[in-house]
Amino acid sequence: MSQIPQQAALSKCPSCAEPLESGDLFCGACGYDLSVVPAPPQDHPTLTMTGSPGDGVDWPAPEPGGSGGTPSSAHLPTDLAGTDSGGKTLPAQQTATPGVRFDRPAEPDDDYPLQAPDPRATAPTGPEEDPADPPKVCVACRAGRVDSDGYCENCGHAQPRERDHMERESGPVAAVSDRGLRHHRNEDAFTVGHTALPDGSPAVVAIVCDGVSSATRPDEASAAASQTAGDILLAALPRGTHPQTAMHEAIVAASQAVNALAEEPASAREHAPHQNAPACTIVGAVVTSGLLVVGWVGDSRAYWVPVDRGAPPARLTEDDSWAAQMVAAGLMSEAEAYADERAHAITGWLGADAYELEPHTASFKPDRPGVVVVCTDGLWNYAETAEEMCEAVPADAADRPLHSARVLVGHALDGGGHDNVTVAVLPFPAPPQGAGSA
C-alpha cells in the first residue's frame, strides 16, 4: 500500500507523528532530526503543451521523424527527462511536502490462502436454474454451492470477493489486479480503455490507483479515482484535447471524486472518529500513434520497456514519497532510502486531507516500439529499477499485453505478494482499433 503530508509548518514528527512545538530541532519522542526535512516545493500546476491551460488542442497525429504537430517539449524515453508540471524536467528529484503519513500496517503473520476451485467438481442443476449460468462451486469444500451472499451452502466458507482478482482487456491495453498473499482485501483499482482521436488514429488509456490503507474506505477511494479519471480521458481525447491536458484534467477530477467520499454524515464518523478521509495514489498513461503521456500523484509508477531489449528501459515517474524526499535532499542513497521502513510513506495523494494537489504529467516521444507498464508498488517492490522491470516483462508483451500483465502479477506473488498488486500493459505505438492480446 501507499502512505500522506501534514501542514506546511511541521506540526507532527515525520518519523513518529508525535506533536511538535514551534522551533523544535529534534523530536522529543523519537529524537528525529527535523532539519533533514526539505522545504516544500512551489506549486506548479500542469500546463498544456501548446495553447492555454485547459484549452482543447487540435493536435494532428505525429509525422514520422517528429514533425506534424507533436509538441516540441515531447521527448524520447531514452532522453529522460520528459516534461513535468510547470516545465520541470524528469527525472529530476521532486522535493516533497514536509511531513509524511505512515500507513503501512503491521503485516499479518499468516497468509490468506484460498484453494482454487476443482474444475472436476460439479453441482446438480435444478429444474429452475439456467444451464447457461451454472451455480458457483465453493473454493473450500469444492462441492457446495455458493449462495447470493457469497457463502457456501455446504460448509459456510466465505468466497473470494470479486475484487480479489480482476482481469480486463480493452482493445490493445490490458490490466490485472490481485489481492496478494497477505492482505485481507484488494484496495487497488484500475480502468483501461481505448478510443479514437479526431483524425481517426487510435489512443489507449490506463489508470491505476492504490488505496491508502490507513484511511477509511481505501478501496472505494481507488475505485472512484480510477473510474473518474478513465471516464474523463476517454471523453476528452476524441474531442481533440491534448493528452497531457486531458491527463491533468483527469487527475483533478479523480481528486474531486475522492474528496466527495469524505462528505458523509457526521453520524458515520462516530464509529471511527480517528480515521482519515478516504485517500489513494494515482498513475495513468495515454498512448497514441506517436506520443506517450503519463500522469501521477503518489508512488505508483510507470515504466518504459522497449521491444528491442538492447535499448535502455526507463522509469517515467518520480515518487511522491519519503524515500524520494531523502534521496532528493542528498541524505541517503536510493538503495538506503528504499530499504528504510519509512520508504513507503507518501507525500502526495488524492484525498480531502491532502496537503495540496499537485498533479505531475510528462510527455515522451519514443523512437521505437515498446510497452508502458503502469503499476502499484505491489509490483515494483519486486522489480524496482527499470532494468529489473525490463527483465520481468515478457519479450512478447507488445503483442500479448494481457498475458504479460498476468506474468507480472505472478512475479509479485512469487516474490512474496506482501501487498495488493495491479499492473496495466500498453503497447506503443497504439495499434489500430481491433487489436487485442492473447
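This is a predicted model: local features need pLDDT of at least 70, side-chain atom pairs count only at pLDDT 80 or more; totals for chains, interfaces and linings use all residues.
Residues are numbered from 1 along each chain as its sequence is written, and side-chain values use heavy atoms, with hydrogens and water left out.

**View 1. Helix α8 and its buried residues.** Let's start with α8, which covers residues 401-414 (helices are DSSP runs of H or I with at least four residues, strands are E runs with at least two, and both are numbered from the N terminus). Its buried residues are Pro401, Leu402, Ser404, Ala405, Leu408, Val409 and Ala412 (buried means under 20% relative accessible area, exposed over 50%, partly exposed in between; 1.4 Å probe, protein chains only). They cover an arc of only 165° around the axis, which puts them on the same side of α8 (the arc is that of the directions from the helix axis to the C-beta atoms). Their cover includes β1 (165-170), β11 (370-375) and β12 (421-428). Just after α8, look for Gly416, with a positive phi of about 140°.

**View 2. Ser404 in helix α8.** Ser404 is buried, at a relative accessible area of 1%. A polar atom of its side chain lies 2.9 Å from the backbone oxygen of Arg400. Leaving aside neighbours within four places in sequence, Ser404 is in contact with Pro394, Asp396, Ala397 and Val425 (contact means heavy atoms within 4.5 Å).

**View 3. The salt bridge of Glu334 and Arg315.** Here the closest N and O atoms are 3.6 Å apart (a salt bridge is a side-chain nitrogen of Lys or Arg within 4 Å of a carboxyl oxygen of Asp or Glu). Glu334 belongs to helix α5 (residues 334-339) and Arg315 to strand β8 (residues 314-315), so the pair ties together parts that are 19 residues apart in sequence. Arg315 counts as buried at 13% relative accessibility, whereas Glu334, at 40%, counts as partly exposed.

**View 4. The salt bridge of Asp367 and Arg368.** The closest N and O atoms of this pair are 2.9 Å apart. Both partners are partly exposed: Asp367 has 45% relative accessibility and Arg368 has 29%. Elsewhere, salt bridges that share partners join Arg185, Glu187 and Asp219 into one network.

Notes:
A polar contact is a pair of N or O atoms within 3.5 Å; within protein, one must be able to donate a hydrogen and the other to accept it, and residues adjacent in sequence count only if both atoms are side-chain atoms.
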